[in-house]
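Me: I have a structure open and have not looked at it before. Can you walk me through it?
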Amino acid sequence: MSDFLLEFVEVTQTIGDGLFFGTTYALIGIGFSLIFGAMRKLNMTYAAAALAGAYVGLAAFTFVNAPAPVVFLISALASGLIGGAVYITCFRFIPIHNHLAALMASIGALFFIDEIVVHTTDGSPLTFPAMFEYVMFELGPYGIRGDLLFVLAVNIVSTIGLLYVLYRTRLGLATRAVSQQDVAAQLCGIDVHRTNAVTFVLAGLLGGIAGSMTASAVGVLSPLITVPLTVKGLIIAVIGGLGSIPGAIAAGLLVGGMENAFLYFRGVNERDMYVLLLLFIFLVFRPDGLFGSTVDRD
Amino acid sequence: MSYYLGLAQLIGIHTLLGLSAYVLMLTGQLSLGQAGFFAIGAYSAGILTVIFELPILPALLAAAVIAAFFAFIVGFPALRVKGLMLVVATIAFGEFVRLFFFNLSWRVPRGDIEVGPDSTNGFREIRYFVANGWSPWEITTFVWTFVILVMIALWWMDRSRAGAVLRAVGEDELATQSVGVNLTAVKVTAMTAGGFIAGIGGALYAHTATYVDHLTFTVLLATFAVSYPILGGLSSVFGTLVAVIFIQGVLVEGLRFLGDWRNIVFGLLIIIAMNLKPDGLFDARTTRILRRAIGLGGREKSDA
């Protein structure tokens with residue numbers, strides 16, 4: 001019986017740790033969903049921009065020894081800037097209803113950003129400094145890492161901040177108006193291109209925070225994770241229902257928890273396969289995702 | 001000389017990869033999972049010639065059928081969604097296949113060594129051509145025989161009723177459905193055909209390269225696969241061939257002096273091409289101008 005209890009504690013601890021990472025996944029998923037919600041388009045560069053932002057933050061730490069908050073700020077700003085640049089190069093001048101051309105352009109940009117990172121770092125993983133002291137909270141038989149708790153808090157705060165901007169400011173109103181009916185929004189005097197650009201920068205800021213937070217919690221930064229992270233972000237956005245922010249949060253937590261459960265039972269090499277299977281299960285039984293609307297899926 | 005023959009083989013194989021995406025794009029579906037079918041073809045053919053010691057031709061056809069079978073199976077759930085969602089689904093499928101081969105270990109003793117796929121170390125012993133003394137010329141002819149067969153088949157199909165149905169689905173699903181065309185059947189057929197063609201390409205790739213591992217079959221390869229028909233346009237199979245020759249022959253080989261930096265150029269090229277010509281480099285208008293320039297004007301299909 002006590003063996004079973006020990007196993008139970010270990011499994012729940014693993015899944016709990018997964019939920020912490022899940023909040024970061026949720027941020028990545030939100031980034032995809034936000035832009036899909038605004039433009040009905042997929043921005044494939046999102047995860048690459050987030051990682052590139054984290055690299056810029058790392059450079060700030062390495063070369064001028066910037067303190068932790070400044071590193072995160074610089075990462076967020078750099079990623080936001082990349083987001084804006086991606087909007088201009090891959091979305092701004094492509095006809096608004098040509099979704100696939102914009103998608104292809106952003107895939108091109110994904111490889112472009114990735115290659116630049118690979119070349120400036122020689123492709124080898126870099127150590128990202130742990131920004132916080134190592135603290136461990138004890139909660140009965142469970143242990144919670146202090147830095148993960150901080151990451152969780154920052155992720156929650158940035159999500160709330162994003163929801164505030166979207167639902168309580170004029171900018172958010174404009175974004176939602178453009179996402180619902182771009183022509184009508186334009187007729188109401190909303191500058192569609194400006195609003196979309198701001199959405200990209202906003203999503204980029206969010207990605208930069210997620211990227212640098214994760215990097216400091218994991219301790220390494222490697223260009224090898226760009227594509228897997230992109231795929232994971234897409235899966236989360238789809239499972240949550242493309243365009244739905246609450247859906248992306250729920251799906252991020254779900255995938256984070258499931259991933260660690262698969263890790264525990266099946267090992268690291270097979271883990272990601274099961275996450276992909278999860279996506280196919282959703283595609284077969286619930287193609288609109290957890291919170292997606294049935295209309296405008298295309 | 002063997003360098004140019006190697007390049008010719010590569011162009012042939014990439015043409016097959018591009019054509020597998022081309023078939024699906026005729027129906028208006030963009031798949032970023034073609035690298036997955038390519039991988040299934042490559043590993044299946046390798047396993048058949050190495051472990052089961054089959055000759056190349058039955059192994060290649062069996063590999064193509066296996067890849068087509070998986071395309072058929074994946075087609076049903078994946079084609080419930082379309083457009084951008086299909087892109088996500090097919091990326092996920094491609095990654096799933098890659099991870100499957102990343103984990104696959106199937107070693108059998110052969111003499112005093114072990115052969116077969118060895119998970120992360122890749123599949124190293126696909127030496128059918130070397131073992132049977134094929135010259136580079138023979139290998140290149142073999143590869144291009146399949147390329148030409150597939151191109152003729154697709155060109156012929158395009159002129160037939162089947163091609164018209166595929167293009168009709170691509171133009172307007174609702175209208176096509178309302179004249180009694182079964183959309184799912186058409187799309188799954190296109191997916192299966194695409195899987196078959198990618199399977200042939202993969203089988204040829206495995207045997208010309210003699211070595212495959214999971215890192216070959218990434219999203220980058222899938223992006224190459226769709227960028228050929230996108231750049232070459234959908235007006236005919238020759239567009240894809242021209243695009244492959246341009247990207248693999250001119251761009252990748254011509255920019256060899258740039259070293260690793262040429263991958264950056266590929267990314268930039270896609271961005272620029274999509275901004276200038278969102279419907280592909282050889283879209284209806286350019287094709288018309290070109291045809292007029294070479295004296296074929298006025299005769300073309302009314303696909304403008």
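This is a predicted model: local features need pLDDT of at least 70, side-chain atom pairs count only at pLDDT 80 or more; totals for chains, interfaces and linings use all residues.

Me: What are the box dimensions of chain B along the principal axes?

Reply: The C-alpha atoms of chain B fill a box of roughly 65 × 45 × 35 Å.

Me: And how many helices and strands are in chain B?

Reply: Chain B has 13 helices and two strands. Of its 304 residues, 49% count as buried.

Me: Pick two helices in chain B. How do the axes of H6(B) and H9(B) cross?

Reply: Helix H6 of chain B covers residues 136–159 and helix H9 of chain B covers residues 183–209; their axes come within 11 Å and cross at roughly 175°. An angle over 145 degrees counts as roughly antiparallel, so H6(B) is roughly antiparallel to H9(B).

Me: Which residues meet there, between H6(B) and H9(B)?

Reply: From H6(B) they are B:Ile139, B:Val143, B:Phe146 and B:Val150, and from H9(B) they are B:Ile197, B:Ile200, B:Leu204 and B:Thr208. By class, that contact has seven nonpolar residues, one polar and no charged.

Me: Now chain A. What does its secondary structure come to?

Reply: In chain A there are eleven helices and four strands. The radius of gyration of chain A is 19 Å, close to the 19 Å from the globule rule for 298 residues, so chain A is as compact as a globular protein of that length. Its C-alpha trace spans about 65 × 50 × 35 Å along the principal axes.

Me: What share of chain A is buried?

Reply: Buried residues are 51% of the 298 in chain A. As for contacts in chain A between residues at least 6 apart in sequence, 75% join residues at least 24 apart.

Me: Which residues of H1(A) and H5(A) meet?

Reply: On the H1(A) side they include A:Phe20, A:Leu27 and A:Ile30, and on the H5(A) side A:Leu148, A:Val151 and A:Leu162 are among them. The contact of H1(A) with H5(A) has nine nonpolar, five polar and no charged residues.

Me: What does A:Val178 touch?

Reply: Leaving out residues up to four places away in sequence, A:Val178 touches A:Ala38, A:Ala185, A:Ile190, A:Val192, A:Thr195 and A:Asn196. A:Val178 and A:Val192 are 14 residues apart along the chain, and their C-alpha atoms are separated by 6.5 Å.

Me: Last topic. How many residues of chain A are in contact with chain B?

Reply: The contact involves 39 residues of chain A and 38 residues of chain B. The elements of chain A that give two or more residues to this side are helix H3 (68–92), helix H4 (99–121), helix H9 (226–240) and helix H11 (268–285). H4(A) gives the most, with 14 residues.

Me: What classes of residue are on that side of chain A?

Reply: The side of chain A that touches chain B has 28 nonpolar, six polar and five charged residues.

Notes: Residues are numbered from 1 along each chain as its sequence is written. Chains are lettered from A and ligands numbered from 1 in the order in which they are written. The radius of gyration is taken over C-alpha atoms; the globule rule is 2.2 Å times the number of residues to the power 0.38. A residue is buried if 20 or more other C-beta atoms lie within 10 Å of its own, exposed if 12 or fewer, and partly exposed in between; C-beta atoms are placed from the backbone. Two residues are in contact if their C-beta atoms, placed from the backbone, lie within 7 Å. Ala, Val, Leu, Ile, Met, Phe, Trp, Tyr, Cys and Pro count as nonpolar, Asp, Glu, Lys and Arg as charged, and the others, Gly among them, as polar. Axes are lines fitted to C-alpha atoms, for helices over the stretch in contact, and angles run from 0 to 180 degrees between N-to-C directions. Angles under 35 degrees count as roughly parallel, over 145 as roughly antiparallel, 65 to 115 as roughly perpendicular and the rest as oblique.
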